[in-house]
Amino acid sequence: MLTRGCVTLSLPDQFPAVDVFWQGDLIGPSSGRLRAVVASEYREISQADLLQELARQPDLAAWILQQQQQRIDVLRDRILWLRRPVEHRLVRTLMALDLQAKDRMPEASGIIPLTQRELAGLAGATRENTSTSLNRWSTQGLVELQRRRLRILSHKRLIEVINQSPQPAPTGAAGAAA
Amino acid sequence: MHFEAIRHLGLAKSLPAGGYLDADATATAA
């Protein structure tokens with residue numbers, strides 16, 4: 001369990017970032033690599049300790065299931081968004097991370113502490129496409145780029161990127177596979 | 001509420017900004 005900070009989960013040599021964890025999130029056993037994007041603290045809880053606590057507090061199981069369900073919902077949503085243009089996915093990723101950062105790490109004052117490579121991974125985009133879009137939005141004053149982090153300057157104008165570009169028509173399996 | 005209930009379990013560990021933790025639970029500095 002992450003008790004303070006923020007970490008990303010990546011699959012080395014495959015995906016730069018597939019998930020983000022914030023203070024209070026449960027991180028299950030995984031085969032990935034965690035990177036602390038800010039100074040972080042965590043508790044390594046053994047299965048025996050967890051089972052003992054579940055026997056003492058059975059309603060804890062409902063909370064753990066709820067946490068896992070929320071994570072599944074987020075991942076399912078990201079899969080559905082893969083049909084959308086890259087820039088839509090980037091905007092959506094930035095807006096979601098901005099909300100999470102403000103809610104879970106308010107001391108960061110709206111900073112999204114992820115690298116462009118990690119953002120690309122979360123948005124399902126290439127590093128090059130991500131960099132091109134972010135640099136353009138930076139020039140336009142929509143975002144402020146810093147080393148290994150960024151900040152949204154205009155949420156309204158960033159959302160307009162989605163609203164002003166053409167929406168893809170609903171597609172079936174053939175479209176999704178294209 | 002549940003976060004508070006289990007945050008005392010197990011061993012507390014820290015990871016510096018930029019530090020990595022691999023599946024084998026060995027923390028390394030960036």
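1. Taking contacts in chain A between residues at least 6 apart in sequence, 57% join residues at least 24 apart. Please keep in mind that this is a predicted model.

2. Seven helices and eight strands make up its list of elements. Its C-alpha atoms fill a box of roughly 55 × 40 × 30 Å along the principal axes. Of the 178 residues in chain A, 26% count as buried.

3. The nonpolar core deserves a look. The largest one has 34 residues, and those touching the most other members are A:Cys6, A:Val7, A:Phe21, A:Leu94, A:Leu97, A:Ile112 and A:Ala123. Two or more residues each come from strands E2 (6-11), E3 (15-22), E4 (33-36) and E8 (149-152) and from helices H3 (86-104) and H4 (116-123) of chain A. H3(A) gives the largest share of this core, five residues.

4. Leaving aside residues up to four places away in sequence, A:Cys6 touches A:Val20, A:Phe21, A:Trp22, A:Val37, A:Val38, A:Ser40, A:Met105 and A:Pro113.

5. Next, the hairpin of E2(A) and E3(A). These two strands pair in the antiparallel sense over five bridges, and A:Leu9 stands opposite A:Asp19 of E3(A). Three residues lie between the strands of the hairpin, where A:Asp13 takes a positive phi near 70 degrees.

6. Chain A also has an open sheet of three strands, ordered E6-E8-E7, with antiparallel pairing. Strands E6 (111-112) and E7 (143-146) of chain A are at the edges, each with a single partner strand, so one side of each has no neighbour in the sheet. E6(A) and E8(A) are joined by two bridges in the antiparallel sense, with A:Ile111 opposite A:Arg151 in E8(A). Helix H5 (residues 127-139) of chain A lies across E7 and E8 of chain A and runs at about 120 degrees to E7(A).

7. How do H4(A) and H5(A) pack, and at what angle? The angle is about 110 degrees, with the axes 9 Å apart. That makes H4(A) roughly perpendicular to H5(A). On the H4(A) side the contact is made by A:Gln116, A:Arg117, A:Leu119, A:Ala120 and A:Ala123, and on the H5(A) side by A:Arg127, A:Thr130, A:Ser131 and A:Leu134. By class, this contact has four nonpolar, three polar and two charged residues.

8. A:Thr126 sits in the loop between H4 and H5 of chain A. Is A:Thr126 buried or partly exposed? With 13 other C-beta atoms within 10 Å, A:Thr126 is partly exposed, because a residue counts as buried at 20 or more such atoms and as exposed at 12 or fewer. A:Thr126 and A:Thr115 are eleven residues apart in sequence and 13 Å apart in space, C-alpha to C-alpha.

9. Turning to the interface, 21 residues of chain B are in contact with 25 residues of chain A. On the side of chain B that touches chain A, helix H1 (2-6), strand E1 (11-15) and strand E2 (20-21) of chain B each supply at least two residues. E1(B) gives the largest share of that side, five residues. The residues of that side of chain B divide into 13 nonpolar, five polar and three charged.

10. Strand E5 (residues 40-44) of chain A and E1(B) run antiparallel and are joined by five bridges. Looking along that pairing, A:Ser40 stands opposite B:Leu15 of E1(B), and A:Glu41 stands opposite B:Ser14 of E1(B). A:Ser40 is also one of the residues touched by A:Cys6.

Note on methods
Residues numbered from 1 in each chain as written. Chains lettered and ligands numbered in written order. Predicted model: local features only at pLDDT ≥ 70, side-chain atom pairs only at ≥ 80, totals over all residues. Contact = placed C-beta atoms within 7 Å. Helix = DSSP H or I, 4+ residues; strand = E, 2+ residues; numbered from the N terminus. Nonpolar A, V, L, I, M, F, W, Y, C, P; charged D, E, K, R; others polar. Pairing = 2+ DSSP bridges. Core = buried A, V, L, I, M, F, W, Y, C linked by C-beta atoms within 7 Å. Axes fitted to C-alpha atoms, helices over the stretch in contact; angles between N-to-C directions. Parallel < 35°, antiparallel > 145°, perpendicular 65-115°, else oblique.
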